[in-house]
Every structure is written in structure tokens, then in C-alpha cells.
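Hi,

Here is the structure I promised to pass on.

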Amino acid sequence: GEPRKRLPKSAKKRLRYERRREKRKEKKQHEREERKRKREEAQALPAEERQEIAGAAKHEKRIRSREGRAQLREDLQRKLAEGLRVAVDLSFNGLHNEAEEKSLVKQLTYVYRAHKCSTASVSLHLTSYPSEGDTADLMRDTGMASWVVHRHEQRLAEVFPAQDVVYFSPDAPEVAGELSREKVYVIGGIVDRTKRKNDTLNAAKEMGASCVRLPVREALGHNKVSPVLNIDTVFSAVLRVLEGSTWVDALRELIPARHGNSSGFTAPPGVGAEAAAVPAAAGHGEEACWPGDGGLADGGGGGGDDDDD
């Protein structure tokens, strides 16, 4: 017979991803059925016995919660030591008004939540981290001091050599390709309702670093949409690519339909134009990885103000 055609590498990755997703669906369905069965069994017991079982279950849940938090912290420490380096450059903070400062901090909390829940191994850095002022106060109030991340009061150029840095910017001519462990991928910590041009591109040029853009318009299939993304959306796209997605598929899933996504894709989870060369590593999470509807910056509700990526 005819020789079997070999699938391209990207198709194999996607196939593996789909199989993993199906297994997760089956596992969740089994867990739902098991919970239902236990509830029905409990309802058939005498009231006194039901109370005794409920008390034991609460105690076990408290123990599991403590163990879960310890495991989560251990996993985050491992990611910090071994993961792909991703930095958020907070040196633009002087450009923000009060509302934009609040939005910045909110988007950083979304970044950290996605980081905790992802199976991708990322070493997260915050550069130009403020030690005083309104933004520093907001960060302390949010509990950022307890986050398992690298905090640097120094500017980006003082922390990483320029030849290692790849800056994400919507104004860059080159499209993002494969991710490399040798590089540091930088997201501009900008929240800007006026959509200033070239801030992150100029920052990369000034430092002498590489600069790439995410394929937003390629993903959505038209040029009418703004390529400017929320900080947490860019970070989530990086996580999805590390998990085996492509840039195009990740963006199609992360950008909501109201922003011009007519591809038929909706928000989370991720599949994914260029596949990542960096393998994913096991992770652990306690809460939903995607806290809001994210996507393109639009100055709308929920802190989703315009920002630079």
C-alpha cells in the first residue's frame, strides 16, 4: 500500500493537546458523577450520621487546603528557579494617572493568578519595582509582597543584558516566533487610555534589545483591530504557547468576540502560529486561571484600560 504520510510537528503537538484536553474532560465528568453519588448516599443516612460525616469532611478539607498551599508555594519556587524568564517592566509608572495605577495593579494580580494556575514553567520578574509612592502602597494593599516572584528595584537594563532581552511591543515590525530559554521576554507595564505610540519599541531601542509583536491582526483575520493588549493577556498568551499552543490560536482564545474576534474561538483554555520550543513543566493551582474576560485594552470596566504590550 501507499506509505503513511507523516504528520507535521505542529499537527502532532495539537493532537497531543487535544488528547490531554479530552482526558481532563473525562476526569472532571467522573469527579462530578462521584460527588453526585456520595451526596445521594449521604442523603439516605440518618441525620446524626450525616452531621458526623460532614464534620469529618470539613476537617479533611482544611488539612488539604494547607497542604495545597504548601505544594503551590513549592511549585512556584521551582518555577522561579527553572522557568522561562518573563519580566514586566514597571519603569513607565510615571506616565500613569490614579485610575491607570489601579488598573496596572489589578492587571498584575491577573498575571500572578494565571501564573499560579498554569502548568507552564515561568520565572516571573518585576523590574523598576516601586518602594514608595501611591503605586507601592497599592501593591502592598494587594498583598504583592507575599508573591513568589523576583522583584527588582533596578531598571530592566540593570538586571538583564540587552542581548538576552526580547521586548513585546505592538509597534514592532517583526512577529514573535519560538520562545527560547536563553532569552528574557519583557512585557511593558503600561496602562494607557490614549494609546501612545512606540513607548515599548523606543524602550527596546534605547536598551539595544530585540523587539517583536504578537500576531493579533493575523489571529483575528483583519486590520481593523488595535494590536494593543492588556498586560495579563500578553502574559497568558506566553503561558499558552509554553503549554503547547501557537500564538495565533492562543490570541484567538484570549481576545473576546466584542473586540473583533470573529474566528469562532472564545476565551480560555489555550491551543495554539509558531510553536514553543520550551517544554511545559508540571504545576499546581488552587483557583481559576482566567479571572475576567481580558483581551484587548479598551478602557472598559473591570480595570481593562488601554495599555501597551
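Residues are numbered from 1 along each chain as its sequence is written, and side-chain values use heavy atoms, with hydrogens and water left out.

The average pLDDT (the predictor's confidence in each residue, from 0 to 100) of the protein chain is 78, and 76% of the residues score at least 70. The stretch to watch is residues 263-309, where pLDDT is below 50, although the model gives this stretch 187 contacts beyond near neighbours in sequence (contact means heavy atoms within 4.5 Å). Where pLDDT is low, the predicted coordinates should not be read in detail.

Now the sheet. Helices (H or I, at least four residues) and strands (E, at least two) are DSSP runs, numbered from the N terminus. Six strands form an open sheet in the order β3-β2-β1-β5-β4-β7, with parallel pairing (two strands pair if DSSP finds at least two bridges between them). At the edges sit β3 (150-151) and β7 (210-212), each pairing on one side only. Two bridges join β3 to β2 (residues 122-127) in the parallel sense, and Leu126 has Arg151 in β3 as its bridge partner. Helix α6 (residues 199-207) packs on this sheet and touches β4 (165-168), β5 (184-188) and β7, with its direction at about 165 degrees to that of β4. Axes here are lines fitted to C-alpha atoms, for helices over the stretch in contact, and angles run from 0 to 180 degrees between N-to-C directions.

Then there is α3 (residues 98-117), which packs against α8 (residues 231-242) at about 15 degrees with the axes 8 Å apart. The two are therefore roughly parallel to each other (angles under 35 degrees count as roughly parallel, over 145 as roughly antiparallel, 65 to 115 as roughly perpendicular and the rest as oblique). Among the residues that meet are Leu104, Tyr110 and Val111 in α3 and Ile231, Phe235 and Leu239 in α8.

Helix α3 also meets α4 (residues 134-141): their axes come within 10 Å and cross at roughly 35 degrees. That contact includes Glu101, Lys102 and Leu104 of α3, along with Asp134 and Leu138 of α4.

Cheers

Methods: This is a predicted model: local features need pLDDT of at least 70, side-chain atom pairs count only at pLDDT 80 or more; totals for chains, interfaces and linings use all residues.
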